[in-house]
Amino acid sequence: MTDIAIRAMTAADARTVLAIYQAGMDAGNASFEHAAPTWEAFDAGKVPAHRYVAVDPDGVVLGWVAVSQVSARQVYAGVVEHSVYVDPSAHGRGVGRALLDTLIASTEAAGIWTIQSGIFPENTASRALHRAAGFRELGVRERIGRHASQGNRWRDVVFIERRSPHVA
């Protein structure tokens, strides 16, 4: 992992970030979505202060992490939903863990007390990564959504969260 650097995501990363996002969707166990959004839509939906990319020594983007607010209500100001995606060619190199560690440090410094997300039960690699980074599985949301790119079949989602031991 020493050859991986983490830096803030910028608009210059748009093409690669969205391509990695699309590759995750194409694999079938990363998102209910089937097509990456435009950069404008992606940018508008993510909190600017907590968006990062992992890059190799040549500056090639290997993965990304970002958060969205879960609610506009002030009582949930410290709760965000995250996404983390790693280019398939970089799986198993510690990219996801480096991104999550950076995100955790960034959100805690900003007073965010909960990072949450949902993972398809079949995505065992992501579940293991998140457990190793201090997330816990709260339960399974059964038949929570239909997966259009998979014949409109119902899918379960494992609801996960990481509560900061330092904030709140």
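Modeller: The largest pocket has a volume of about 1200 Å³. The model is predicted, so local features require pLDDT of at least 70 and side-chain atom pairs count only at pLDDT 80 or more, whereas totals for chains, interfaces and linings use all residues. Residues are numbered from 1 along each chain as its sequence is written, and side-chain values use heavy atoms, with hydrogens and water left out.

Colleague: What makes a space a pocket, and what makes it a cavity?

Modeller: Both are sets of points on a 1 Å grid over the protein atoms alone: in a cavity a 1.4 Å probe fits but cannot get out, while a pocket is an open set with protein on both sides within 12 Å along at least five of seven lines. Points are joined across faces, edges and corners, and the volume is the space filled by probe spheres set on them.

Colleague: Which residues lie nearest the centre of the largest pocket?

Modeller: Of its 43 lining residues, Ala30, Val84, Tyr85, Asn123 and Ser126 lie nearest the centre. They count as lining because a lining residue has an atom within 4 Å of a point. Strand 4 gives the largest share of this lining, six residues. The elements that each supply at least two residues include helix 1 (14-27), helix 3 and strand 7. Helices here are DSSP runs of H or I with at least four residues, and strands are runs of E with at least two, numbered from the N terminus.

Colleague: How is the lining of the largest pocket divided by class?

Modeller: It has 20 nonpolar, 16 polar and seven charged residues. Ala, Val, Leu, Ile, Met, Phe, Trp, Tyr, Cys and Pro count as nonpolar, Asp, Glu, Lys and Arg as charged, and the others, Gly among them, as polar.

Colleague: How many cavities of 30 Å³ or more does the search find?

Modeller: The search of the whole structure finds one, and about 30 Å³ of space lies in the largest cavity. Its lining consists of Ile119, Arg127, His130, Arg131, Phe135, Arg136, Glu137 and Ile160. By class these divide into three nonpolar, one polar and four charged; His130 is the polar one, because histidine falls among "the others". Helix 4 (124-132) and strand 6 (136-147) each supply at least two of the lining residues, and helix 4 gives the largest share, three.

Colleague: Why is His50 called buried?

Modeller: Buried means under 20% relative accessible area, exposed over 50%, and partly exposed in between (1.4 Å probe, protein chains only). His50 has a relative accessible area of 5%, and is therefore buried. His50 is placed in the loop between helix 2 (39-45) and strand 2 (52-55).

Colleague: What joins the side chains of His50 and Ser106?

Modeller: A polar contact of 2.5 Å joins them. The term requires a pair of N or O atoms within 3.5 Å; within protein, one must be able to donate a hydrogen and the other to accept it, and residues adjacent in sequence count only if both atoms are side-chain atoms.

Colleague: In which sense do strand 5 and strand 7 pair?

Modeller: Strand 5 and strand 7 (residues 153-163) pair in the antiparallel sense over six bridges; pairing requires at least two DSSP bridges. Gly118 stands opposite Phe159. Strand 4 (residues 79-86) and strand 5 run parallel and are joined by three bridges. The chain passes from strand 4 through helix 3 (residues 95-109) to strand 5 in a right-handed β-α-β crossover. It is so called because, with the strands pointing away from the viewer, the path from the first strand over the helix to the second runs clockwise.

Colleague: What do strand 2 and strand 3 form?

Modeller: They form a hairpin with five residues between them, and Gly59 in the turn has a positive phi of about 85 degrees. Strand 3 (residues 61-69) is itself mostly covered, with eight of its nine residues buried. Strand 3 also pairs with strand 4, in the antiparallel sense over seven bridges.
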